[in-house]
Amino acid sequence: MSLLDARGGTTWVGRRNPVAKVAATVPLSLALLLTLDPVSAGTAIVLELLLFWAAGLGALVWSRRTAVVWIAGPLAGLSMVLYGRTGGTVYFEWGLIQVSQGSIEIGLSTAARVIAIALPAVVLFLTIDPTDFADGLSQTLRLPERFVLGALGALRLVGLFMDDWRALALARRARGVGDRWIVPRLVGQAFGLLVLSIRRGSKLATAMEARGFGADIARSHAREVHFGGAEVVLIAIGAVVAAACVVVAVASGSWNFILG
């Protein structure tokens, strides 16, 4: 089984045009960014889990690849609980930290909103092959070929980050600089990864330019990208989920328009 198969690339969603997958997340993101309440975000999470399970992506939702979503959401909520706007009964206070009924409500809403927005974006992006994504940007959105090829090269290098991180950790430990406190060690290793990434990016840009990828000419495509009714249905599903979240939040009286 290939890596893309393991990421759901053979499912109905996985076979759709990558541009449609990205577009399907836009309505929900816009709807949740306009409000800060637990009902709309909670409704979105429930609908997302049900839809991903029905689409055969349930295993991917709970895999290590989406762990960052389940970690970032609670962490964002915790920061709001500790330092968010105070309101109602104050349960704990120490220095700048003040935990109150209002900060807890904001923290729960923030955590749910982060998960609701990030989960579909991460899951759908994991089902996208970089080459297919580049074909979609070029043929569907008609973006400039130079920009698309640069984005494709960048996406191809993202997969090397974890290998570089492990290699740097082993190299630094072999030199005796990898056993310090965790914070200085991570900072130094992250700086090393940044330097390595810049060097590799410069070499890739030079190599692509030498091969004529920067030329302003009409290019042909080895694979033709299709954008049809199935892609429209996928985008419509995203819009329906966004509308359902708004309707449930308004009906329950929890809708909290952030600009109002």
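## Terms and model

Two residues are in contact when heavy atoms of theirs lie within 4.5 Å. Helices (H or I, at least four residues) and strands (E, at least two) are DSSP runs, numbered from the N terminus. This is a predicted model, in which local features need pLDDT of at least 70 and side-chain atom pairs count only at pLDDT 80 or more, while totals for chains, interfaces and linings use all residues. Residues are numbered from 1 along each chain as its sequence is written, and side-chain values use heavy atoms, with hydrogens and water left out.

## The chain as a whole

The chain has 11 helices and two strands. Read from the N terminus, the order of elements is α-α-α-α-α-β-β-α-α-α-α-α-α. Along the principal axes, the C-alpha atoms fill a box of roughly 65 × 60 × 35 Å.

Of the 260 residues, 32% count as buried; a residue is buried under 20% relative accessible area, exposed over 50%, and partly exposed in between (1.4 Å probe, protein chains only). The accessible surface of the chain comes to about 15,400 Å², and 68% of this belongs to carbon and sulfur atoms. These areas come from the Shrake-Rupley method with a 1.4 Å probe; for residues, only the protein chains shown count as cover. Among contacts with a separation of 6 or more, 73% are between residues 24 or more positions apart.

## Helix α2

Helix α2 covers residues 18–33. Its 16 residues should span 22 Å at 1.5 Å a residue, and the end C-alpha atoms are 23 Å apart, which agrees. The expected span of a helix is 1.5 Å times one less than its number of residues.

The buried residues of α2 are P18, V19, A20, K21, A24, T25, L28, S29, A31 and L32. An α-helix has 3.6 residues a turn, so residues three or four places apart point the same way. The cover over the buried residues of α2 includes α3 (38–54), α6 (101–126), α7 (130–139) and α11 (229–252). T25 is one of the buried residues, with a relative accessible area of 15%. Apart from neighbours within four places in sequence, T25 is in contact with P120, A121 and L124.

Helix α7 is mostly covered, with seven of its 10 residues buried. Those buried are F133, A134, D135, G136, L137, S138 and Q139. The buried residues of α7 pack against α2 and α8. At the start of α7, the backbone nitrogen of T131 has a side-chain oxygen of D129 within 3.1 Å.

The loop between α7 and α8 contains R142. R142 is not a glycine, yet its phi is positive, near 60°. With 67% relative accessibility, R142 counts as exposed.

Helix α8 (residues 145–158) includes V158. V158 is partly exposed, at 46% relative accessibility. The C-alpha atoms of V158 and V233 are separated by 30 Å, and the two residues are 75 residues apart along the chain.

## The hairpin

Strands β1 and β2 form a hairpin with two residues between them, and G95 in the turn has a positive phi of about 65°. The strands β1 and β2 (residues 97–100) pair in the antiparallel sense over four bridges; pairing needs at least two DSSP bridges between the strands. E93 has Q98 in β2 as its bridge partner. Of the five residues of β1 (residues 90–94), the number buried is zero, so this strand lies largely in the open.

## Aromatic pairs

A search of the whole structure gives two aromatic pairs. Rings of Phe, Tyr and Trp (its six-membered ring) pair if their centres lie within 6.5 Å; planes under 30 degrees apart count as stacked, over 60 as edge-to-face and the rest as tilted. The rings of W62 and W70 are stacked, because their centres are 4.8 Å apart and their planes at 10°. W62 is exposed at 58% relative accessibility, while W70 is partly exposed with a relative accessible area of 24%.

The rings of F125 and F133 have their centres 6.3 Å apart and their planes at 80°, so this pair is edge-to-face. F125 is partly exposed, with a relative accessible area of 40%; F133 counts as buried at 15% relative accessibility.

Terms used. A polar contact is a pair of N or O atoms within 3.5 Å; within protein, one must be able to donate a hydrogen and the other to accept it, and residues adjacent in sequence count only if both atoms are side-chain atoms.
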